[in-house]
Structure formats: C-alpha cells, structure tokens
Amino acid sequence: MNVDLWIDERGRRCPIPVISLARAQTTWFRDDIGVDEVVGMLADDPAAEYDIPAWCRLKGAEFLGSVNPPDGGSGMGYVVRFSASKHAA
C-alpha cells in the first residue's frame, strides 16, 4: 500500500494518535500533501486498533486498513485517505 506521509505516534497513548490524524485532516490542503493522498499513522497503543477506524467513520475519512510498520518497528500502521469532498464535509 502506497503511503504518502507517515505520522509516528508510537509510545503515545490514545487519543493522541487520533488527535494527530485530526490535525493532519485540518491542515491537509494547506501543506505539501495533495488531494486523495494517503496518510499512515504508526501507533502501538492497543486502543488505536479501534479508535482510528471509529474516528474515520465519524469524520468521513476512508480507513484503508492496517499494515506492519514500514520500518519493521513496533506497533501497527493504520492507513487513511482524506478526499477533497469528504474533507469539505
């Protein structure tokens, strides 16, 4: 799965990973990340497995799934896409 930006929140407890996703969503089109590009969240708090997909459902983001961290480190990678139409909602 191609991920355009990884955010590493390993070692932090929920809701910090979810707050970081919210921050990424609100600044999405102001930075160098384009429309429909994909963000990966690295988290090792077990609650992230439930919190991140639930947050995506609430905020209109598309949860694309869980993957092993690309660096082979601890935790999981949670992959999310924010589209322009959903971002505007």
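How much accessible surface does the chain have, and what share of that surface belongs to carbon and sulfur atoms? The accessible surface comes to about 4,900 Å², and 51% of it belongs to carbon and sulfur atoms. Areas here follow the Shrake-Rupley method with a 1.4 Å probe; for residues, only the protein chains shown count as cover.

This is a predicted model, in which local features need pLDDT of at least 70 and side-chain atom pairs count only at pLDDT 80 or more, while totals for chains, interfaces and linings use all residues. Residues are numbered from 1 along each chain as its sequence is written, and side-chain values use heavy atoms, with hydrogens and water left out.

Start with the fold. The chain has three helices and four strands. Helices (H or I, at least four residues) and strands (E, at least two) are DSSP runs, numbered from the N terminus. Along the sequence the pattern reads β-α-β-α-β-β-α. Of the 89 residues, 38% are buried. Buried means under 20% relative accessible area, exposed over 50%, and partly exposed in between, with a 1.4 Å probe and protein chains only. Take the contacts (heavy atoms within 4.5 Å) between residues at least 6 apart in sequence: 70% of them join residues at least 24 apart.

Now turn to helix H2. H2 covers residues 48-59, 12 residues in total. From first C-alpha to last it reaches 16 Å, close to the 16 Å expected at 1.5 Å a residue. That expected span is 1.5 Å times one less than the number of residues.

Which residues of H2 are buried? They are Ala-48, Ile-52, Pro-53, Trp-55 and Cys-56. Seen down the helix axis, they fall within an arc of 155 degrees, so they line one face of H2. The arc is taken from the directions from the helix axis to the C-beta atoms. An α-helix has 3.6 residues a turn, so residues three or four places apart point the same way. The buried residues of H2 pack against helix H1 (16-26) and strands E2 (38-43), E3 (62-67) and E4 (76-81). The face turned away from the buried side carries the exposed residues Tyr-50, Arg-57 and Leu-58.

Asp-51 also sits in H2. At 30% relative accessibility, Asp-51 counts as partly exposed. Beyond its neighbours within four places in sequence, Asp-51 contacts Cys-14 and Val-18. Asp-51 and Cys-14 are 37 residues apart in sequence, yet 7.7 Å apart in space, C-alpha to C-alpha.

A cis peptide bond joins Cys-14 and Pro-15, with omega about 25 degrees. Pro-15 lies in the loop between strand E1 (5-8) and H1. Another detail comes just after H2, where Gly-60 takes a positive phi of about 75 degrees.
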